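Here are my notes on this one, as numbered points. Have the viewer open while you read.

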There are 2 protein chains.
Amino acid sequence: MSVFNYTKPKYIISSAAVCGSFEHRGPLGSHFDGFSADDKFDCETWEKSEAEMQRLALRLAVDKVGVQPRDIRAIFAGDLINQCTGSAFGALDSGVPFFGLYGACSTIAEGLILASALLESGLVDLTAAVTSSHYCSAERQFRTPLEYGAQRTPTAQRTVTASGAYLISSDRFIDNSQFLPKITAAMPGIITDAGICDAANMGAAMAPAALRTLCDFFRETGHTPDDYELIATGDLGFEGHSILCDLAKRSGFPMPNAVDCGLLIYDRSAQDVHAGGSGCGCSASVLSAYLLDEVAKSPKKAMLFVATGALMSPLTVMQGLSIPGIAHLVEIRFG
Amino acid sequence: MSVFNYTKPKYIISSAAVCGSFEHRGPLGSHFDGFSADDKFDCETWEKSEAEMQRLALRLAVDKVGVQPRDIRAIFAGDLINQCTGSAFGALDSGVPFFGLYGACSTIAEGLILASALLESGLVDLTAAVTSSHYCSAERQFRTPLEYGAQRTPTAQRTVTASGAYLISSDRFIDNSQFLPKITAAMPGIITDAGICDAANMGAAMAPAALRTLCDFFRETGHTPDDYELIATGDLGFEGHSILCDLAKRSGFPMPNAVDCGLLIYDRSAQDVHAGGSGCGCSASVLSAYLLDEVAKSPKKAMLFVATGALMSPLTVMQGLSIPGIAHLVEIRFG
């Protein structure tokens, strides 16, 4: 059994999401808590901008509930930049114990799982999870400098410029909302290698990992996809989402209620994003900015959040290795 | 209070360490569980060699106690390679839920803390922590290709080729040893920036973080350095170790029993390593190969393990940013 069944729910007492200008022009733009018109967030390098996004998202989440940053007992943070410096510099001034994570685009779910597991231990009472990605820092690191103007293939995804931050507590902490989201269960992912070697098709590399985690979860818990208002993956994009839906149907778990954060954040008909969005900041921001509110007012008031990651690097791809995928699952309920 | 006081000790039921040829010729060489004479571990790239080290160290730790790999409920793993691919590919065939970490050279302590905190939660009963570093994968990524033959400054440290793996359980699991080491407390580190910008002097960048964690721990718990047989940092090297000892004395916590994994692993008089060793695999392997045995047979049967990390990247250094340090503390007792 690999499902984490919390004895008491862990409350997401606050969350916040900030994004770049391109994401702000997308269908969810008005839902974000803040954005930068030039994607720079008043910084002189893209890497500093990304760190600033993390700092800002966490500060906004903290301000919403009026806790003191020093009351947070642990920050779980990660990003895509080499050596995860977006997270280290983002948390530099926080004064909070820091756990750096690397789970590629699955990192926010990894953070939510560890933040709530640490609460379950009773060792601490308030934790945070924050992740980010920035189109401009990611492009020049993973692919080519922006100025190069490289063409992308139809299955490629665009790295989202955004950050999402969450405060999680064993107590309600504040009781001003009957709709406080609760993390009620979780399932950490197992690395799954489907043999995909095309770094411009990470959706295909990650979809089998999402399938594995979801099927394992349904089998172990006895739940079905229909028990949830929606099953939100992030970030499979158009290609990976299609593959997952196909594979899930064949596995006996059809998921007509599956949505993907990489498809929600952009309007593919109006924005030139090929297969959709990706990056640690995509699912992290879409969950906070959009999904939690949607599920709170839905009939079933329950969702599965399955963030997926492609655990490759430019070097492993150049060395001809296939792309291992991972998918961490978080069950969120309201009421 | 940021100390994690476990209600029940977490047992390190097994551990293993493997290393490269240069480390095997060092003073601790005979203590390792395995080594590769050509540092390749039968792989064709240095990055694959590093992943293989992680796989091998974990397998050796598992074999020592005869558990099944599938009994492990979570692996916490990290390394220095961009996007932590040493860990992802090392755990690829394990079939175990995977949490990727990035804490630079502090990663093994981060892993031990999270692995034992997850056990404290009661959600799982057996976890693993594993980290690695490889001189050849690190040099070409962080500095220059080996073939370039760059000169190094006196304060520079050599990335250790090694991996250490630990199995941790809430139960003794096996009872064939009265000297099973126990993790009895822990303290996650807070990011500390002392303003050091020289990437060839990471010891100086990390020493203030080690000081902060240690002083916070002594103040919060009321313990003193004298309560422990030794206080093992990793990996400050000669420069950082000297700075830490000076600063600790001035802070009212003189630590004549402080040792540093980066100084223990090499013979600086005979091996050309400048300020000593560093890397995620240094403290991870020295703890398993040497320190646990030493403390087990010591009078006090207690130690503090304080792994330190420099949370920079080549890019942040080039961009002129200072090097944030972090130090995670683990209290280990025997008997």
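1. A definition to start: the expected span of a helix is 1.5 Å times one less than its number of residues. Helices here are DSSP runs of H or I with at least four residues, strands are runs of E with at least two, and both are numbered from the N terminus. On that basis the 20 residues of α6(B) should span 28 Å, and the end C-alpha atoms are 29 Å apart, which agrees.

2. Some housekeeping. This is a predicted model, where local features need pLDDT of at least 70, side-chain atom pairs count only at pLDDT 80 or more, and totals for chains, interfaces and linings use all residues. Residues are numbered from 1 along each chain as its sequence is written, chains are lettered from A and ligands numbered from 1 in the order in which they are written, and side-chain values use heavy atoms, with hydrogens and water left out.

3. Back to α6(B): 15 of its 20 residues are buried (under 20% relative accessible area; exposed is over 50%, partly exposed in between, with a 1.4 Å probe and protein chains only). Just past the helix, B:Gly222 has a positive phi of about 80 degrees.

4. What does α6(B) pack on? The axes of α6 (residues 202-221) and α7 (residues 237-250) of chain B come within 8 Å and cross at roughly 35 degrees. Axes are lines fitted to C-alpha atoms, for helices over the stretch in contact, with angles from 0 to 180 degrees between N-to-C directions. Residues in contact (heavy atoms within 4.5 Å) include B:Ala207 and B:Leu211 from α6(B), and B:Ile243 and B:Leu247 from α7(B).

5. Check the loop between β10 (230-234) and α7 of chain B, where B:Asp235 is found. The peptide bond from B:Gly234 to B:Asp235 is cis, with omega near 5 degrees.

6. B:Phe41 is not a glycine, yet has a positive phi of about 50 degrees. It sits in the loop between β2 (34-35) and α2 (46-65) of chain B, and at 7% relative accessibility it counts as buried.

7. Finally, the pair. A rotation of 180 degrees with 0.0 Å of shift along its axis superposes chain B on chain A, RMSD 0.0 Å (least squares on C-alpha atoms of residues with pLDDT of at least 70 in both). That is the relation of a two-fold axis. In chain B, B:Ser121 comes closest to the rotation axis, at 1.8 Å (C-alpha).
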